[in-house]
Amino acid sequence: MKWIQPSWSFVLGFIPFLIPTGQAEAQASAPNVTATQPRHGEQNVPVDLKEIAISFDQDMDPSGYSFIGGGPSFPKVAGKPSWRGPRECVLPVKLEAGQAYSLGINGATQTGFKSARGIAATPSRLEFKTRAASGIAAAATIPARAQAESVRQLREAIEHRYSYREVHAVDWPAAWRQFEPRLLAAQTAREFAVVAGEMLASTNDAHIWLLEAGEVIPAFRRTLAPNVNVSLLPRLIGGWTQKHPMVASGRAAPGIGYVAIHSWEKKYAPQLLEAAFSALTELQELPALIVDVRGNSGGDEIQAREFAGCFVRVRALYARHVNLDGVRPGGFSAPFERWLEPTPNRPAYAGRVVVLMGSVNMSSAEAFLLMMRQGAKTQLIGERSFGASGNPQPHLLANGVTVYLPSWKAMLPDGAEFEGRGIAPDLEIKATSDDFAKRDLLLERAVELLRK
């Protein structure tokens, strides 16, 4: 039994792949969370609550679980998780008064929660806050004048500092009529941030979030299913080696190497890159290679570029972008070019390469896809990427809340924008969760292509 509890972090340009409780799309056989105790979003949870309970919509495998989190927002654990029936798992905790808590239930690569058939549960999220204890001061009340100024600043930021305002179109007059009274009536900065996040969720923009007292308050959250069963891969890849929590390697078939990179998060540097370089060195002499990034939702584009640079011999243009600039006519800068250079003093791979991609890919993960397509001339197979790249920048409001808004428009080398559209694979392969129960159609197709 494996209990996974890594740390979470938020990096500019990257939001982890999360699905909130109660919003997961129906899948053919993947388990979904149906209820939690406490409820997701509950703001007045009794501090004497002794356990967190998670209920699923089908019978589960009692041998594993994945509660994901870390830092002060992760509940203090008071014992090992246990199963109270085939569909309910409980986590013993010791809560503190007036504390905001956040934890994940499975993730893109942490899949301890599985159905009795072995299918990983759809990732979910549980956030709640305990009530303040008697004698403990509650969060400071924000003066009405400061809240009014914060509303003005938020409106100005959305109108003039949000690069995708026209792309992620919202009926803003209607939105302000609905939410401005609630924003003005908010008693605390946290209450203001939660309401603002609810309003900004209508943008469907994965690169918008808020920060209050060091805690991330999300806006839009993606709801999708990865086109990979990561728990199955070790059985399909020969000589599977977990070189890093986010990097694994092996052989997909005789003469065909395999490298999976599940994140480009900056917090993993430099160990993540060293693990990736090590894997590539071991597979360098093979004539063909599969690079699997289906579980990767982005992070640090510099790390992605260093790895992609192992597959090129000459400098190559892979993307462009324009920055929001209120001084210039039209509001945007002239286009900037982003180039992929060979990475010096690192393994250079010269064989054939196929990259496995999917809808989880966004932000720097999409930049990596463009690097591999435009620079390394590799073939991308799988499903269309999510289409989100915003380089979000912070805007501090008078009440202490910070709102992060995208500041650029990302483009393909030819200047076409792909926000909200994604990057199409060279070969599209759609599969349901049932297809990944015992086999991996994308992996099989990649092997077929590389054998030709």
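Modeller: The buried residues of helix 7 are Ser364, Ala365, Glu366, Ala367, Phe368, Leu369, Leu370, Met371, Met372 and Gly375. Buried means under 20% relative accessible area, exposed over 50%, and partly exposed in between, with a 1.4 Å probe and protein chains only. Helices (H or I, at least four residues) and strands (E, at least two) are DSSP runs numbered from the N terminus. The model is predicted, so local features need pLDDT of at least 70 and side-chain atom pairs pLDDT 80 or more, while totals for chains, interfaces and linings use all residues. Numbering starts from 1 along each chain as its sequence is written, and side-chain values use heavy atoms, without hydrogens or water.

Back to the helix. What do the buried residues of helix 7 pack against? The partners are strand 14 (288-292), helix 6 (301-308), strand 15 (316-323), strand 16 (336-340), strand 17 (352-357) and strand 18 (379-382). Contact here means heavy atoms within 4.5 Å.

The length checks out. Helix 7 covers residues 364-375, and its twelve residues should span 16 Å at 1.5 Å a residue. The expected span is 1.5 Å times one less than the number of residues. The end C-alpha atoms are 15 Å apart, which agrees. After helix 7 comes Lys377, with a positive phi near 60°.

Glu366 and Leu369 are among its contacts, once neighbours within four places in sequence are set aside. Others include Met357, Asn361 and Arg421. Ser385 sits in the loop between strand 18 and strand 19 (392-396). Its relative accessibility is 5%, so Ser385 counts as buried. A polar atom of the Ser385 side chain lies 2.7 Å from the backbone nitrogen of Ile423. A polar contact is a pair of N or O atoms within 3.5 Å; within protein, one must be able to donate a hydrogen and the other to accept it, and residues adjacent in sequence count only if both atoms are side-chain atoms.

Now helix 8, residues 441-451. Its buried residues include Leu442, Leu443, Ala446, Val447, Leu449 and Leu450. These cover an arc of only 165° around the axis, which puts them on the same side of helix 8. The arc is that of the directions from the helix axis to the C-beta atoms. An α-helix has 3.6 residues a turn, so residues three or four places apart point the same way. At the start of helix 8, a side-chain oxygen of Asp440 comes within 3.2 Å of the backbone nitrogen of Leu442.

Next, the rings. The structure holds 13 aromatic pairs. Rings of Phe, Tyr and Trp (its six-membered ring) pair if their centres lie within 6.5 Å; planes under 30 degrees apart are stacked, over 60 edge-to-face, and the rest tilted. Phe67 and Phe113 are edge-to-face, at 5.2 Å centre to centre and 85° between the planes. Phe67 is in strand 3 (residues 67-68) and Phe113 in the loop between strand 7 (100-105) and strand 8 (124-129), so the pair ties together parts 46 residues apart in sequence. Phe67 is buried, at 0% relative accessibility. Phe113 is buried too, with a relative accessible area of 0%. Tyr101 and Phe128 form a tilted pair, 5.4 Å centre to centre with 35° between the planes. That pair joins strand 7, with Tyr101, to strand 8, with Phe128, across 27 residues. One aromatic cluster consists of Phe56, Tyr65, Phe67, Trp83 and Phe113.

Charges also meet rings. A charge sits over a ring if NZ of Lys or CZ of Arg is within 6 Å of the ring centre and within 35 degrees of the ring normal. Arg155 places its charged end over the ring of Trp176, 4.2 Å from the centre.

Last, the backbone. Most residues other than glycine have a negative phi, and most peptide bonds are trans. Gln37 and Pro38 are joined by a cis peptide bond, with omega about 10°. Ala269 and Pro270 are joined by a cis bond as well, with omega about -5°. Asn106 is not a glycine, yet its phi is positive, about 65°. Asn106 counts as buried at 2% relative accessibility. Ala213 also has a positive phi, about 50°, but counts as exposed at 66% relative accessibility.
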